[in-house]
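Trainee: I would like to go through the strands of this model. Can we take them one pairing at a time?

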Amino acid sequence: MKKLLFVLVLTFALVLTACGGAPVEEAPVEEAPAEEAPAQEAPAEEMPSEEAPVEEMAEAFKVAVIMPSSTTDLAFSQSMFDALLAIQEEMGGEAAMEIAYSEGMFKVDDAAAAIRDYAAEGFNLVIAHGSQYGSSLQEIAPDFPETSFAWGTTLNTFSEEGINNVFAYEANSQEGGYVNGVIAASLSEAGVIGVVGPIEAGDASLYVKGFVAGAEAVNADVTVNINWIGSFSDVALAAEAANTHVAAGADVLTGTAQMVVGAVGVAEASGVLWFGTQSSQTSLAADVVVANQVYDWTVALDEMIALIKEGTYGGTAYTITLDNGGIVMDYNGAYDLPADVKAAADAAVEGIKDGSIVIPVE
Amino acid sequence: MNPELVIVGVLTSGIRLATPYLYAAIGETFGQRSGVLNLGVDGQMLLGAFAAFYVAFTTGNLWLGLLAAIIVGALMGLAMAFVTVNLQAVQGISGIGFYLFGLGMSELLFKMMLGTVETVKGFPIVSIPFLGDIPFVGKIFFQQNIMVYGAFLLVPLAWFILNKTTLGLKIRAVGENPEAADSLGVSVARIRYFTIILGGILSGLAGASMSIALLNVFQQNMTSGLGFIAVALVYFGAWRAWGVLAGALLFSFVNSIQLWMQVLNVPIPSEIAVMLPYILTIIVLVLTVSRVRPPSALTKPFDRGD
């Protein structure tokens, strides 16, 4: 009996690992194999989550962010954290704006508790950075009408449900994906490109659709092999997926979500080119990274903060795009990009901005 | 696509994927054969992976990195041994505790000491003279990095120690009937300390095989539950080194096959492809567990009663 029970536990652990990530929207959910969030069990050292409020000034604007992975994931979570730091700098440092964060919140229950705590502590803006946090937010937001919440990536502000203190934000990741695809197909000599993705949904799915469209616009015969590894955290499988692409003849790779660091390592070791998204991954492999689509959420955040200061706490949805400067193409200066390819990329950017290029994403 | 290319690709990928599982699962096999279930493997791996990466990153010396993983693994094993042997704590729960400690501690150290994801130049591929030149087979088996060779050499070594040496006999005796072993003058505590520390060292090496040989990066929770699959592989392998090897290879090959199926555009949904290795593992696990008996004293603390 005992033995059977143990097998069940193990099976459970396996299933959890297998299905990690869950069918949420783009959400970089991390897997928690032996369910027990570190935040609950572990002593203080486990999670340096909330930064101690530095010299609290009465008028400081207080922002809290809850994110699924870490502030330094070179991907989704970092893009938001970097934007907050930029705004803080712009506003005049810690005296003007206070940032608190909870990272590694892959368990939605923990995230919900954190959201509620921050709201209760009187933060002006509480950002739930992950589409899996939506239903929690819908429950919590009405209890704190004086607090503004932001939720991404989505376009749903719950205004139809009568909630008016939630902002929404989303990225048109297919736009930078398209530009990356144009450059990738121009540089690929083999005509074979590999993509490493987490789960075919949300932001990742948009990025890959854009990438394929961009690549095919340059070279109709290009082969884009796509691997969905079913996980936002399995670095080893992401690396092996990249190895598989290289073995199948790809000389250019791209990928999205935070587990791709494994794939970037493989790209560097195999000397194949890499295209990043969400945050700049150039620092990871300066020899092979050509370009990155970088999310700059400051565009959306600036407007939210301005509205909050005027007394409007939600109701608006923001989409960052190439056109509004929320999506930025970031080129690796150390990579010598041929002028005609750069020109094609710039043309693609312009085409997307003026609407002459329409990316089919369904 | 050229079928030979695909087959070579599947097999080389499978061999690489199996490497960390082998270190961790062989280590776990020693522990379980002596009657100790260690569920902290994943945490030990994470700390080992971080230690190896950090030392290799700062000193540029991969061997020092490996040594760091061994030391960290041994310390984690020592702590686990103290808790389960001396304090006689419930093994399953304390193992989970060690897992969480390793997970959180490796994250904290990563934040404090590295801050962001970095890369190292890991162990290079070493082509074995002559064998590496054999067409087909050479590319699959004999053009890998040193940590891969180590993992596969570990299997016959573990088999030999467990089945052909006095030490192995003592380990098995302690795991089957600690009272009898004790009455014959075998120190149950000492044997268990040995196997748990050895398990810790091998888990540390499993982590190092990822962070400085196969992936050459460290990221928080980079094992993502791999250590738990290693524990399952011990059951799968019926507590035998060769069985563990078979399980690790089966799991890894199915995983690399699913990666290739997606690349080759085999028309099945990626979600199904990704589930394949797990489904297969669960099926085989259920089939084998109903036939094979685990070590009788597994998870039972031993009290001399003196």
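**Strand pairings in chain A**

Mentor: In β7(A), V192(A) has T223(A) as its bridge partner. Strands here are DSSP runs of E with at least two residues, helices are runs of H or I with at least four, and both are numbered from the N terminus. This is a predicted model, where local features need pLDDT of at least 70, side-chain atom pairs count only at pLDDT 80 or more, and totals for chains, interfaces and linings use all residues. Residues are numbered from 1 along each chain as its sequence is written, and chains are lettered from A and ligands numbered from 1 in the order in which they are written.

Trainee: What is the hand of the β-α-β crossover from β6(A) to β7(A)?

Mentor: Six bridges join β6(A) (192-197) to β7(A) (223-228), and the two run parallel. Two strands count as paired if DSSP finds at least two bridges between them. The chain passes through helix α7 (202-218) of chain A on the way. A crossover is right-handed if, with the strands pointing away from the viewer, the path from the first strand over the helix to the second runs clockwise; this one is right-handed.

Trainee: Why is β6(A) largely enclosed by the rest of the structure?

Mentor: Count the C-beta atoms, placed from the backbone: a residue is buried if 20 or more others lie within 10 Å of its own, exposed if 12 or fewer, and partly exposed in between. β6(A) is largely enclosed because, of its six residues, the number buried is five.

Trainee: How many residues of β10(A) are buried?

Mentor: β10(A) (289-295) pairs with β9(A) (273-278) in the parallel sense over five bridges. It is joined to β12(A) (327-331) by five bridges, running antiparallel. β10(A) is mostly covered, and its buried residues number seven of seven.

Trainee: Which strands stand at the edges of the open sheet of six strands?

Mentor: The order is β2-β1-β3-β4-β5-β11 (chain A), with parallel pairing. Each edge strand has a single partner, so one side of each is left without a neighbour in the sheet. The edge strands are β2(A) (97-102) and β11(A) (317-320).

Trainee: Which residue in β5(A) is the bridge partner of A150(A)?

Mentor: β4(A) (148-152) and β5(A) (166-171) pair in the parallel sense over four bridges. The partner of A150(A) in β5(A) is F167(A).
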